[in-house]
There are 2 protein chains.
Amino acid sequence: MGKLMRRLSTQEPNFKQVFKDLLAFETVSDPELLKTVDQIIADVRQHGDAHVLKLTQQFDRHPAHQFSELELTQEELKAAFDGLTTETREALELAANRVREFHQAQKQDGWTYVDALGNTLGQKVTPLDRVGIYVPGGLASYPSSVLMNAIPAHVAGVAEIIMVVPAPSGELNPLVLAAAHLAGVHRVFTIGGAQAVAALAYGTETIPAVDKITGPGNRFVAAAKRAVFGQVGIDMIAGPSEILVYAEGKNNAEWLAMDLLSQAEHDTVAQAVFITPDEQLLNDVEQWIEKHLEALPKAEIARTSIVNRGALVLVKDRAEGAELINQVAPEHLMLCLDEAEEMSQDIRHAGAIFMGRYTPEAIGDYCAGPNHVLPTSGTARFSSPLGVYDFQKRSSLIMCSENGVKTLAKTADILAQQENLDAHARSARYRYQD
Amino acid sequence: MGKLMRRLSTQEPNFKQVFKDLLAFETVSDPELLKTVDQIIADVRQHGDAHVLKLTQQFDRHPAHQFSELELTQEELKAAFDGLTTETREALELAANRVREFHQAQKQDGWTYVDALGNTLGQKVTPLDRVGIYVPGGLASYPSSVLMNAIPAHVAGVAEIIMVVPAPSGELNPLVLAAAHLAGVHRVFTIGGAQAVAALAYGTETIPAVDKITGPGNRFVAAAKRAVFGQVGIDMIAGPSEILVYAEGKNNAEWLAMDLLSQAEHDTVAQAVFITPDEQLLNDVEQWIEKHLEALPKAEIARTSIVNRGALVLVKDRAEGAELINQVAPEHLMLCLDEAEEMSQDIRHAGAIFMGRYTPEAIGDYCAGPNHVLPTSGTARFSSPLGVYDFQKRSSLIMCSENGVKTLAKTADILAQQENLDAHARSARYRYQD
């Protein structure tokens, strides 16, 4: 055993560069892929259902002969739900209820106020009319993703939630359909890839155009989402999953090792980083990782992730740890120490912060309540977990009184003249000179 | 006079298609432009300051010989502010104060709650560390844009606000610098184009990399923002400006005509649409538009906009008007009727709603308080005005108690097994079986 995982210390002279290189992960845009995706979008816009059906037969080897076979009924969703074992059904229900409870706290309301001049100003908050949720098919077809995307939309008050999920060879994960039933998805189409994104963005004869598309997918899906951004809203383009565990004091090294491995098993390019000022703990965690790697069902994936992108980092102290965390802006952050809440005050950038020794990241993936769709690749510097706010939007409200407008109109007149916008100035002037 | 502007009626058999065609505005992505922009970004990443300086000399004919000449000092900003006339200074201050007051109401705070199991859940809200604001140069260099972008960032608590503004031939609008002083901009570089966006996104020797870039620009700037999206956050890619005026009852047709012209003078592709159930008012507004078009300094621009993209639409009644408005999802909406507030309840999609006869859109551009950066081209269906929320982000907080975690860990264990994620299941299991 030993030396599977990269070891770093902030005391090494070249640490900064090595750490920066470790974090670097750039998705290279492939011009061929972009061209393919652009062509698919153009064809779906032109030929609608027929082209979506054709590509679904071709790429997914789906046995459907006509487009109508690609839509599931609410009865089919309910049947999948009713077919769950009691244990699974109860687990899914508990998860859905907790996710709903947390997201209800995110719901925003509008407000207005009257200014000193007697004008009313405010912000109106409304849900999106219709959203599309992309759920990957095959092995990565996760029921938890259905809950995490559909429930915030539902809480926001979105009138129509349309889910797309590819069914390779016509096969579907019944748990995904059960989750769609539980989360209140309105329509489900068994399509995927860039063609599903194009159909949602522009609409076809059967699929109504949506206002926003969320949910993860492969590189075709990601490229298609980027291409339709502007026509519809999109959530972030997700990168590989990451976890950063910071620990000090009394900790069970085996638990921490498994927490790190739980990210590594997701993907060969997932990133698991352990930071501690405690060298003995670093050694212990390393040993447990190596030991458990032997036995994991997804050992190959996890090993590649751990070897290529994992790291054990020794820091001087907690402050240095916090500094590195802010530099990483991790998707998932575990703070395993007695003073976790205190330390969290110093964390400026993280998707989700799991505090204390009894808060494994895995519960956040399923049932803690907060969303598991989180900003990756350092984008927590400027973005947020998926939330109800992604399915609401705001409109400004302005209503001036006949007297209240005078000061504002005078001001607008002066500034519009400075910007050489004469019609602006005149339009304002009418309201205080008349 | 007469028949300059397209006239539509919902009673015409082909109205739906004609109205849809009227709204259509697709930015064609130009592969040559994208290639140029990608090359500029790659070169700025590789050569930093030197390349930014070179392109600034080349494209902006800027007389600077070294990069340091492209940064303005706080003293220069203050001098510009001190040089304003009293009237202009007071107008700018009133605008800044009102924008600040409105945006303070948007500031969001974090929250936590303890669930029935004794676990703490919450949402932490933090400002972005550093943002870049793009301000166009030359004729479209608007001081109001500086206020509208910088003040929300300032209110959010952004630690460093960096403004870029191109200075063609080295010339700058002093009012833009005065606005930067007033809005609390921390650093200003006189650069523009794709090279400025690249420098902000990736940083150079002199310019620190920012976390988000906001502000309007030409098609090179828009393409560059789209290209760096993911590396940094961006605001929306703005399309041409639009206004939709709905009026009924007692109204001054001349005022309404000027309100419509105030958008038309912005841009040849700007869109001004007037909707009313009152045919006489439609005729009157048309006449006033034609009359004032003669005399406007920007008559050529406004005329092209009015002829190519404007429309006068006769509707049956208010309900039909509201339906059309929701279909358009206009950037600016004026509701000029006694029951404006009541009608606003039926509006689901609009960037900003100006209510009543004493609320010209022009005051919203400068000093009403709400932001003038608004979703265009129907994107109000899924996006919001620029706001403090664009400069804040959220992190989820989860802290389980030793007992509280048990139910969650059991649930996560069950669901993780269903998703074939063994390390997830074990990581959860440790917390309830130990």
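1. Five nonpolar, four polar and two charged residues make up the lining of the largest cavity. In this classification, Ala, Val, Leu, Ile, Met, Phe, Trp, Tyr, Cys and Pro are nonpolar, Asp, Glu, Lys and Arg are charged, and the others, Gly among them, are polar.

2. The model is predicted: local features need pLDDT of at least 70 and side-chain atom pairs pLDDT 80 or more, while totals for chains, interfaces and linings use all residues. Residues are numbered from 1 along each chain as its sequence is written, chains are lettered from A in the order in which they are written, and side-chain values use heavy atoms, without hydrogens and water.

3. The lining includes A:His332, A:Phe354, A:Asp365 and B:Ile398. A cavity here is a set of points on a 1 Å grid over the protein atoms alone where a 1.4 Å probe fits but cannot get out, and lining residues have an atom within 4 Å of a point. The volume of the largest cavity is about 40 Å³, and three cavities of 30 Å³ or more are counted.

4. H15(A) gives the largest share of this lining, three residues. Strand S14 (352-355) and helix H15 (361-366) of chain A each contribute at least two; helices (H or I, at least four residues) and strands (E, at least two) are DSSP runs, numbered from the N terminus.

5. Elsewhere, helix H16 (residues 405-418) of chain A packs with helix H5 (residues 86-104) of chain B at an angle of about 120°, their axes lying 9 Å apart. The contact residues comprise seven nonpolar, four polar and three charged.

Definitions and conventions: On a 1 Å grid over the protein atoms alone, a cavity is a set of points where a 1.4 Å probe fits but cannot get out, and a pocket is an open set with protein on both sides within 12 Å along at least five of seven lines; lining residues have an atom within 4 Å of a point. Grid points are joined across faces, edges and corners, and a volume is the space filled by probe spheres set on the points. Axes are lines fitted to C-alpha atoms, for helices over the stretch in contact, and angles run from 0 to 180 degrees between N-to-C directions.
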